[in-house]
Amino acid sequence: MLNLNGITVRLGGRTILDRATAALPPYGRVGLIGRNGAGKSTLMKVMIGSLEADDGSLEMPKGTRIGYIAQEAPAGDSTPFDTVLAADTERAALMIESEQEGLDPDRMAEVHERLIAIDAYTAPARASRILVGLGFDEEMQGRPLDSFSGGWKMRVALASLLFSQPDLLLLDEPSNHLDLEATLWLENFLKGYPAMMVVISHERDLLNNVVDHILHLENGQVTLYAGGYDSFERQRAERAAQLAAAKAAQDAQRAKLQDYIARNSARASTAKQAQSRAKALARMQPVQAMVDDPTLSFDFPSPDELKPPLVTLDLASVGYSAGNPVLERLNLRIDPDDRIALLGRNGNGKTTLARLLAAQLTPMDGAMQSSGKMRVGYFTQYQVEELDGDDTPLEHMTRQMKGATPGAVRAQLGRFGFSGAKATTKVGKLSGGERARLALALITRDAPHMLILDEPTNHLDVDAREALVQALNEYEGTVVLVSHDRHMLELTADRLVLVDGGTATEFSGTIEDYTDFILGKGPAKEKVSKADRKEDKKAAAAAREAQAKLKREVSDAEADLAKLEVVLSAIDRAMFDPASAANEYKNLTMGELSQRRGKIVAAQEAAEARWVAASEALEKV
């Protein structure tokens with residue numbers, strides 16, 4: 001059991017957590033979610049004790065062993081295997097003690113009994129299995145830590161944490177440094193974890209398949225929902241509808257009270273009743289409806305049409321040093337309507353292939369042909385990290401769009417949510433997700449024919465990822481995607497290319513088939529025929545087009561409902577308080593107002609019917 005009792009944290013004069021209260025269930029698997037900057041990592045730091053709350057308390061059973069990945073990655077001459085084994089400090093201390101000469105026989109017996117009790121002698125095999133699952137083969141497990149990149153060192157830190165098996169496992173975005181294959185392994189491992197865990201994650205599949213509760217952090221407060229992420233979304237949508245209905249009812253009641261007070265305050269016979277209603281109005285706590293973030297936006301400009309193919313590789317080889325290709329025998333054709341996901345473990349050459357397609361590398365052998373008019377937008381995490389923190393989005397975009405009018409520059413920024421003050425905010429003050437959006441805005445400034453996105457979701461929360469998926473499905477160019485986000489791959493890719501064994505080949509199954517293949521539940525698929533692939537592409541393109549059309553219908557119906565609600569409110573005000581009526585309605589009779597109101601209500605019912613039909617159709621698609 002883990003209880004949050006009114007946790008309040010203020011940082012830099014800003015309240016991050018505001019009386020956050022929740023009772024997490026024993027042995028619960030809790031997904032901690034919220035928008036970027038909501039305070040998830042702050043709350044987790046309170047849980048591990050590295051940050052003291054300004055108010056409130058945290059309760060957990062005495063002696064609970066808490067496990068959390070440190071910010072600094074392990075380093076030095078130690079190997080990944082030795083580092084992971086050393087993470088179980090009790091085992092390490094007992095092993096050293098058991099090898100001491102002259103140890104008291106009774107103590108020696110106690111040590112060996114304890115070693116057996118904690119499965120110390122099977123620990124090396126367990127450590128190796130965890131490392132293999134996270135992508136370390138036997139040779140890599142024996143190399144010095146300093147020979148690895150920062151991302152691989154963080155994998156060692158994760159392996160050490162999982163091996164130590166704490167009573168409360170705390171994970172903050174554990175899949176950020178993992179490829180799809182390692183993410184699948186981690187998800188499978190966490191399903192069988194024997195103790196309580198709290199996981200900060202934006203991976204919809206992990207939140208659906210691993211956790212049994214969602215702790216949602218918003219406006220400094222937390223709400224606990226039972227079930228995985230899909231269940232949370234349903235419950236939250238129902239709550240939003242209830243709040244909207246409650247707010248509408250309260251607004252109507254408030255309007256009636258205000259109308260009564262305005263009409264009766266001056267009359268001696270009704271002044272007391274008017275005062276009573278005024279007090280009731282003052283006591284009324286406003287119901288806050290849930291609002292969406294208007295800055296959450298992705299809108300890729302669509303390019304002009306080019307004849308297929310865009311790119312053709314014919315027995316091409318590519319690498320970084322002469323005579324040492326990373327990939328060979330590449331035969332690949334990419335057309336204007338392709339949506340391709342590159343699959344394969346990190347280090348197999350996915351980024352190398354992406355750089356070849358982006359013309360950052362040239363073939364060592366074989367042939368590569370591409371359309372001379374083709375424009376490519378290539379996104380990597382390095383672009384996010386290299387943004388100048390002292391410049392604003394407007395300054396970045398102005399430099400990139402030389403010769404463009406200020407209006408065109410701001411229009412491109414507006415496509416990605418950087419309008420108004422956001423366009424002139426220093427990049428150093430933007431969140432990771434906002435910086436990723438800016439990088440995407442920069443690479444798409446000239447409406448590229450091909451988007452190559454290498455792990456675009458690392459800094460994006462769940463809502464932002466969903467917005468990116470929708471934008472990619474509405475984009476009319478070609479997409480080549482490298483991502484460990486299974487949900488994104490399933491919804492955007494209609495071709496899978498497996499980069500493995502020094503080459504790249506078509507994988508004819510689905511992402512689910514590939515998942516089964518990685519986890520050893522199914523065979524690798526045979527190469528798909530060109531005819532079948534063409535039919536699959538047509539079907540996928542038709543589905544995307546239908547989805548985009550239905551989304552527009554839902555959006556149009558929502559906009560109509562909002563406009564009609566404004567008109568209806570204005571008519572109601574004119575009917576109940578003529579003195580405050582808008583000019584359009586001041587001279588109308590009660591009969592004319594009633595007639596107009598009837599037409600608006602009928603239009604509302606028609607718009608609502610359109611919204612329901614389009615929403616249901618969209619859900620089926």
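**A guided reading of the predicted model**

Strand E17, made up of residues 495–500, is mostly covered, for 5 of its 6 residues are buried.

The pairing of E17 with E18 is in the antiparallel sense and extends over 5 bridges. Here Val497 faces Glu506, a residue of E18. The two strands E17 and E18 form a hairpin with 2 residues between them, and Gly501 in the turn has a positive phi of about 65°. In general, the strands of a sheet pair through backbone hydrogen bonds, and they do so either parallel or antiparallel.

What is the order of the strands in the open sheet that these pairs belong to? The sheet has 6 strands, arranged as E14-E15-E16-E12-E17-E18, and its pairing is mixed. Strand E14 (376–379) and strand E18 (503–507) stand at the edges; each has a single partner strand, so one side of each is left without a neighbour in the sheet. Neighbouring strands of this sheet are turned by 20° against each other on average, direction ignored. Val376 stands opposite Met450 in E15. Helix H16 (residues 432–443) packs on the sheet and touches E14 and E15; the direction of H16 makes about 160° with that of E14.

Strand E1 (residues 2–11) is joined to E4 by 4 bridges, and the two run antiparallel. In this pair, Thr8 stands opposite Asp55 in E4.

The next region is helical. In helix H3 (residues 89–98), the buried residues are Arg91, Leu94, Glu97 and Ser98. These residues cover an arc of only 130° around the axis, which puts them on the same side of H3. An α-helix has 3.6 residues a turn, so residues three or four places apart point the same way. The face of H3 turned away from its buried side carries the exposed residues Thr89 and Ile96. What covers the buried residues of H3? The cover includes helix H2 (80–86), helix H4 (105–117) and helix H5 (123–133).

Helix H4 can be examined for its length. At 1.5 Å a residue, its 13 residues should span 18 Å, and the end C-alpha atoms are 18 Å apart, which agrees. At the start of H4, a side-chain oxygen of Asp104 reaches to within 3.0 Å of the backbone nitrogen of Asp106. After H4 comes Asp119, whose phi is positive, near 55°.

Individual residues complete the picture of this part of the chain. Gln141 is found in helix H6 (residues 138–141). Is Gln141 buried or exposed? Its relative accessible area is 6%, and because buried means under 20%, Gln141 counts as buried. The side chain of Gln141 makes a polar contact of 3.3 Å with the side chain of Ser128. With its neighbours within four places in sequence left aside, the contacts of Gln141 are Thr79, Pro80, Phe81, Ser128, Leu131, Val132 and Phe136. Ile261, in helix H10 (residues 229–264), also counts as buried, at 17% relative accessibility. The C-alpha atoms of Ile261 and Ser276 are separated by 9.2 Å, although the two residues are 15 residues apart along the chain.

Finally, the protein may be viewed as a whole. It contains 22 helices and 18 strands. Along its principal axes, the C-alpha trace spans about 100 × 75 × 45 Å. Of the 621 residues, 44% count as buried. Among contacts with a separation of 6 or more, 70% are between residues 24 or more positions apart.

Notes
Residues are numbered from 1 along each chain as its sequence is written. This is a predicted model: local features need pLDDT of at least 70, side-chain atom pairs count only at pLDDT 80 or more; totals for chains, interfaces and linings use all residues. Side-chain values use heavy atoms; hydrogens and water are left out. Two strands pair if DSSP finds at least two bridges between them. Axes are lines fitted to C-alpha atoms, for helices over the stretch in contact, and angles run from 0 to 180 degrees between N-to-C directions. Contact means heavy atoms within 4.5 Å. Buried means under 20% relative accessible area, exposed over 50%, partly exposed in between (1.4 Å probe, protein chains only). The arc is that of the directions from the helix axis to the C-beta atoms. The expected span of a helix is 1.5 Å times one less than its number of residues. A polar contact is a pair of N or O atoms within 3.5 Å; within protein, one must be able to donate a hydrogen and the other to accept it, and residues adjacent in sequence count only if both atoms are side-chain atoms.
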